[in-house]
Amino acid sequence: MNKHINEYELIIFDMDGTLYFQRPLQIHMAFKMICSCLKPGGLSELITVLKFRKLREQWNEIQISPDNSDTDIDKEQYEYLSAKTGKSPAIIEASVQKWIYEKPLSIICKYRDHHLFEIIKKYHLQKKQVVIYSDYPAIDKRDALKLPAIPCFYGGQEEIGCMKPDPKGLTYIMSVYGITDPSKVLMVGDRQSKDGQAAISAGTDYLILKKHKFQRRTQYPLLFSE
């Protein structure tokens with residue numbers, strides 16, 4: 001981050017691990033999933049979800065159609081994992097929807113970064129251009145976190161079709177907002193290997209937040225604007 005926050009025309013926030021603290025949420029969800037293993041099919045669902053998370057992290061290295069922007073990346077991942085596990089894409093999708101997209105919504109607000117929440121509310125009132133960009137669908141999480149209705153982009157949408165650290169998502173978002181100078185954009189995330197590298201490749205500035213709330217205290221003033 002090389003400028004005062006007011007000098008940026010667009011601020012892009014990552015979702016997972018940035019707008020909420022991911023580790024305690026993961027522990028909470030792990031407990032729920034372990035309990036579900038006592039039910040029929042529970043262990044199989046747990047294994048499927050863990051394999052999908054690993055696949056999602058490694059997708060840029062193994063994706064089948066990296067240059068095809070029309071690819072439905074979610075469908076492609078379900079089909080890829082189906083070929084590896086023998087489970088149908090529909091069953092894989094159902095497990096992912098249940099444990100990654102739906103169940104966390106009821107508890108995610110408990111792990112919200114309240115300081116960032118207040119900062120984003122002020123941005124919204126000041127009519128700053130702020131968006132969310134995630135590898136996963138973010139609208140439902142945004143609403144569950146009770147954040148303002150700021151625009152959301154994610155790697156699986158047709159116009160992007162890739163995961164971070166590929167810079168395509170950032171360059172697409174800049175094009176949507178008519179920004180031609182990437183130095184006027186700030187990417188705020190929690191992972192250097194994903195958010196930081198995507199920003200470097202796209203030519204934008206970036207700020208990598210610490211993963212624990214007590215470690216972030218010195219970073220919040222960088223994002224604060226009167």
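These notebook entries record what I looked up in a predicted model of one protein.

**Entry 1. Ground rules**

I treat the structure as a predicted model, in which local features need pLDDT of at least 70 and side-chain atom pairs count only at pLDDT 80 or more, while totals for chains, interfaces and linings use all residues. I number residues from 1 along each chain as its sequence is written, and I take side-chain values from heavy atoms, with hydrogens and water left out.

**Entry 2. The overall fold**

I took helices (H or I, at least four residues) and strands (E, at least two) as DSSP runs, numbered from the N terminus. The protein holds nine helices and five strands. Read from the N terminus, I found the order β-α-α-α-α-α-β-α-β-α-β-α-β-α. The radius of gyration is 18 Å, close to the 17 Å of the globule rule for 226 residues, so the protein is as compact as a globular protein of that length. That radius is taken over C-alpha atoms, and the rule is 2.2 Å times the number of residues to the power 0.38. Along the principal axes, the C-alpha atoms fill a box of roughly 55 × 40 × 25 Å.

I then looked up burial, where buried means under 20% relative accessible area, exposed over 50%, and partly exposed in between (1.4 Å probe, protein chains only). Buried residues are 46% of the 226 residues. For contacts (heavy atoms within 4.5 Å), I noted that residues 24 or more positions apart supply 65% of those with a separation of 6 or more.

Two packed helices are described by the angle between their axes and the distance between the axes. I used axes fitted to C-alpha atoms, for helices over the stretch in contact, with angles from 0 to 180 degrees between N-to-C directions.

Helix α2 (residues 42-62) packs on helix α3 (residues 73-85) at about 115°, and their axes are 10 Å apart. The crossing of α2 over α3 is right-handed; a crossing is left-handed if the near helix is turned anticlockwise from the far one by less than a right angle, and right-handed if clockwise. On the α2 side I listed T48, K51, F52, L55, R56, W59 and I62, which meet I73, D74, E76, Q77, Y78, Y80, L81 and T85 of α3. This contact comprises eight nonpolar, three polar and four charged residues. In this scheme Ala, Val, Leu, Ile, Met, Phe, Trp, Tyr, Cys and Pro are nonpolar, Asp, Glu, Lys and Arg are charged, and the others, Gly among them, are polar.

I next examined α2 with helix α4 (residues 89-102), whose axes come within 9 Å and cross at roughly 85°. The two are therefore roughly perpendicular; angles under 35 degrees count as roughly parallel, over 145 as roughly antiparallel, 65 to 115 as roughly perpendicular and the rest as oblique. Here E45, T48, V49, F52, R53 and R56 of α2 meet I92, S95, V96, K98, W99, I100 and Y101 of α4. I counted seven nonpolar, two polar and four charged residues in that contact.

**Entry 3. Helix α8 and its surroundings**

Which residues of helix α8 (residues 192-202) are buried? I found K194, D195, G196, A198, A199 and A202 to be buried. The buried residues of α8 pack against α2, α7 (168-176), β4 (185-189) and β5 (205-208).

The axes of α7 and α8 come within 8 Å and cross at roughly 60°, which makes α7 oblique to α8. The crossing of α7 over α8 is right-handed. L170, T171 and M174 of α7 meet A198, A199 and A202 of α8, a contact with five nonpolar, one polar and no charged residues. After α8 comes G203, with a positive phi near 85°.

**Entry 4. Backbone exceptions and a lysine in α5**

Most residues other than glycine have a negative phi, and most peptide bonds are trans. K127, in the loop between α5 and β2 (130-134), has a positive phi near 60° and is exposed at 73% relative accessibility. K146, in the loop between α6 (139-144) and β3, also has a positive phi near 60° and is exposed at 59%.

Lastly, I looked at K121 in helix α5 (residues 114-125), which is partly exposed at 35% relative accessibility.
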